[in-house]
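Thanks for coming, everyone. Let me put the model up on the screen, and then I'll walk you through a few places in it.

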Amino acid sequence: MFTPGSILSWATFAPLAAAALVVLLVVLRPILRLSRRAVDDGARLLALAGSGLSLLAAIAAWRMFDGSTDQVQLVQHVTWIRAFNIEYFLGVDGLSISMVLLTGIISFVATIASMPWWSGARAAELAGMVEGGHQDPAHPHPQHFSVRAVPGYMALLLLLQTGMMGTFVALDMFLFYVFWEVMLLPMYFLIGIWGGPRKEYAAIKFFLYTLAGSVLMLLAIIGLYYNSAPAELAGGDTAAHTFNLVELARQGAAGQFERAAPILGFAFTKLAFVALFIGFAIKIPMFPFHTWLPDAHVEAPTPISVILAGVLLKMGPYGILRFNYPLLRDATQWAAGAIAVFGLINIVYAAFVCLAQKDLKRLIAYSSVSHMGFTLLGMAAMTPAGISGAVLNMFTHGLISPMLFLVAGVIYDRAHHREIERFGGLAQALPEYAAVVGLSFFASLGLPGLAGFISEFMVFSGAFPVFTTYTMVAAISVVITAAYYLWAIHRMFLGKLNPAYQGYPDLNWRERLSLYPLGAMVIVLGFYPQAVLSVIGNTLQTLIKGMSPL
């Protein structure tokens, strides 16, 4: 079923096909005389099937990929819209194949986390996982998102998965932009309909920030297209301009865009770099464009926070490495110092903000801002260790941050609040949960032997020869990271048990199915990071060949 020429289409469009079947199920409901419960269960099964098939295709693509070469592989390349030189061009290299695997894993985990599987009637009522339950958010046990408008939720979740996967495999600028925009509306509605008390505000803020970045990206893409040289399309025809990212990278290395006419007295390459960089920086999110993220995370349902932290934030650095680095090499070297400064601000500023947080989910959201700063610092160094550490950090953070949001969701489903100060002694009532929280916290703070450590170490070792002072300050901030995590553990799990949480159920099988695989991967990568480094290394070394900060 999976062949090298079709595997990426399977990974991308399997969720979309499942979403279409969910919509068809809703349309046929009156004809087939199905109950609401039957339609809800059918939508859940279709979501698991579509997301699971996409994951299997991603794993198959990972196994087919040859990490010993820096060439694009698993290519599917045909002309799509000839009048505009637009092609259906899918393919992966070492940079994107790691993100394809990550997207498949996190999407399936988020789908499992969206299921209303609970052990025992009392526990289900406590979590609000009761059909036709309480709609009032102020009720002690408000209705859980997983039993509200289930077909709509599942269809949007699947559409979001298609947009994410497509973004990482598209090698045509127009197709990339289509997939990038496909993600916007599902995320907006998933937060705005199934989110928390301030869901509308958070959804609108996310939409406006992302849309503003998309407009800048679109202008840069059009500029790059019209300044590109003639190129051959998939069918053999010659086009005056091209959207082909592989061809554009070749032209960028040859200095094609440095010869473009200035715009308003500014060099085209620098204007295009800034437009693309801001568009992608909003998604990272990079200071000062980060303020949408905490609100989106706090209000989003747990599985949507998992996808947001695990995959969507990685699209910012990925876009910079896919567009800015190969197409605008001179401008990238010119801006490297600024990228390093913004990365340092992310690391230090967000770490101190975490110390002041009282809401567990908001603390984790700001920790994501801080950790994505390491990726920026490693990218800016343009050394083999630095950029490999940056991409490895994208992958490891993509495993650790979903764990963090899942454990925040576990306690919220029981207590219906996330105020750290109101907990206490939870390790006595929920020992299994306490152990998993400890693993996720220690992985995030960079404990040796867990996945977070090796990526941060590589960033530091790669950035130190280039940005010595910045690296020293960033390394000191690791102490702040340890401080806010250990302080949270102390307040939540140690000391005398708060009587209000006596008798709360520990982890159930739905939560174990979503948390344990991530925990296992975090441990394995802590001891064997070569599993990822051997795949991404050749592509990244080719990407930065001949480049250094100016």
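So, to start: in which helix is the place of Val 27? Val 27 sits in helix 1, residues 7-32; helices here are DSSP runs of H or I with at least four residues, numbered from the N terminus.

Before going on, a word on the source: this is a predicted model, where local features need pLDDT of at least 70 and side-chain atom pairs count only at pLDDT 80 or more, while totals for chains, interfaces and linings use all residues. Residues are numbered from 1 along each chain as its sequence is written, and side-chain values use heavy atoms, with hydrogens and water left out.

Back to Val 27: its relative accessible area is 52%, so Val 27 is exposed. For that term, buried is under 20% relative accessible area, exposed is over 50%, and partly exposed lies in between, with a 1.4 Å probe and protein chains only. Together with Leu 21, Val 23 and Leu 24, Val 27 forms a nonpolar surface patch of about 350 Å² accessible area. Such a patch takes residues with over 30% relative accessible area and no salt bridge, nonpolar side chains being joined within 5 Å; the areas come from the Shrake-Rupley method with a 1.4 Å probe.

Now inside. The largest nonpolar core has 189 residues, a core being buried Ala, Val, Leu, Ile, Met, Phe, Trp, Tyr and Cys residues joined through side-chain atoms within 4.5 Å. Helix 16, residues 384-415, gives the most to this core, with 17 residues. Leu 328 is among the residues with the most contacts inside the core. Beyond four places in sequence, Leu 328 touches residues including Phe 257, Phe 273 and Phe 323, where contact means heavy atoms within 4.5 Å.

And the charges? There are 16 salt bridges, each a side-chain nitrogen of Lys or Arg within 4 Å of a carboxyl oxygen of Asp or Glu. One of them pairs Arg 362 with Asp 295, at 3.4 Å between the closest N and O atoms. That pair links helix 15 to helix 11 (residues 292-299), 67 residues apart. Arg 362 is partly exposed at 21%, whereas Asp 295 is buried at 9%.

Another bridge joins Asp 413 and Arg 510, with closest N and O atoms 3.7 Å apart. Asp 413 is buried at 9% relative accessible area, and Arg 510 is buried at 6%.

Note on methods
Patch = residues over 30% accessible without salt bridge, like charges linked within 9 Å, V, L, I, M, F, W, Y side chains within 5 Å. Helix = DSSP H or I, 4+ residues; strand = E, 2+ residues; numbered from the N terminus.
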